[in-house]
Amino acid sequence: MRIIAIGSRVFVTSFQLAGVKGVKVESPAEALAEINKMGDTSDVGLVLLSDDIGKEIRVPLTNLRAKRPIPLIFELPSPGSKKEKVDYRALLKQILGV
């Protein structure tokens, strides 16, 4: 299975240096469209998403995570971003519909 990085030019380029394919996007809507396209592809197992883009589309991402376990969508800090506290319990409740 392949790993794909989605985010800004700097975010994607940093992963490309490590051998990970990447998709440069300009907006959260464009990122969501790319993730939806990858859901149809069976060879993508992990999507590394820039957190600055991910927080803009968190609700649709959570819905995708609840419907499809693969590809796993994982948000990583973008270059220069500040550490953000994530409430994993609330996120899990939202995914499970509790």
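Leu92, Leu96 and Val98 make a nonpolar surface patch of about 350 Å². Patches are built from residues with over 30% relative accessible area and no salt bridge, nonpolar side chains (Val, Leu, Ile, Met, Phe, Trp, Tyr) being joined within 5 Å and like charges within 9 Å. The areas come from the Shrake-Rupley method with a 1.4 Å probe, and for residues only the protein chains shown count as cover. Val98 sits in the segment after helix 5 (88-96). Val98 is also exposed, at a relative accessible area of 76%; exposed means over 50%, buried under 20%, and partly exposed in between, with a 1.4 Å probe and protein chains only.

A word on the model: it is predicted, so local features need pLDDT of at least 70 and side-chain atom pairs count only at pLDDT 80 or more, while totals for chains, interfaces and linings use all residues. Residues are numbered from 1 along each chain as its sequence is written, and side-chain values use heavy atoms, with hydrogens and water left out.

Now the overall layout. The protein has 5 helices and 4 strands, where helices (H or I, at least four residues) and strands (E, at least two) are DSSP runs numbered from the N terminus. Read from the N terminus, the elements go β-α-β-α-β-α-α-β-α. Of its 98 residues, 34% count as buried. The protein exposes about 6400 Å², and 57% of that is supplied by carbon and sulfur atoms. As for contacts (heavy atoms within 4.5 Å), 66% of those between residues at least 6 apart in sequence join residues at least 24 apart.

On to the inside. A nonpolar core is here a set of buried Ala, Val, Leu, Ile, Met, Phe, Trp, Tyr and Cys residues joined through side-chain atoms within 4.5 Å. The largest such core holds 15 residues, and Ile6, Ala31, Ile35, Val47, Leu49, Leu61 and Ile73 touch the most other members. Strand 1 (2-7), helix 2 (28-39), strand 3 (44-50) and helix 4 (58-67) each put in at least two residues of this core. Helix 2 gives the largest share, with 4 residues. Once residues up to four places away in sequence are set aside, Ile73 touches Ile35, Val47, Leu49, Leu61, Leu64 and Arg65. Another core lies apart from the largest one; it has 7 residues, among them Phe11, Val20, Leu48 and Leu76.

Val23 belongs to strand 2 (residues 21-24). Not counting residues up to four places away in sequence, Val23 touches Ile4, Ala5, Ile6, Gly7, Val12, Glu34 and Met38. With Gly7, the C-alpha to C-alpha distance is 6.8 Å, although Val23 and Gly7 are 16 residues apart in sequence.

Charged pairs come next. The structure holds 4 salt bridges, each a side-chain nitrogen of Lys or Arg within 4 Å of a carboxyl oxygen of Asp or Glu. One of them pairs Arg2 with Asp43, the closest N and O atoms being 2.9 Å apart. Arg2 is in strand 1 and Asp43 in the loop between helix 2 and strand 3, so this pair ties together parts that are 41 residues apart in sequence. Both ends are partly exposed: Arg2 has a relative accessible area of 38%, and Asp43 comes in at 31%.

Arg58 is partly exposed, with a relative accessible area of 27%. The side chains of Glu75 and Arg65 also meet in a salt bridge, at 3.5 Å, N to O. Here strand 4 is again linked to helix 4, and Glu75 and Arg65 are 10 residues apart. Glu75 and Arg65 are both buried. Through shared partners, salt bridges join Arg58, Arg65 and Glu75 into one network.

The pairs count as polar contacts too, both for Glu75 with Arg58 (2.8 Å) and for Glu75 with Arg65 (3.5 Å). That term means a pair of N or O atoms within 3.5 Å; within protein, one must be able to donate a hydrogen and the other to accept it, and residues adjacent in sequence count only if both atoms are side-chain atoms. Leaving aside neighbours within four places in sequence, Glu75 is in contact with Leu49, Asp51, Gly54, Lys55, Arg58, Leu61 and Arg65.
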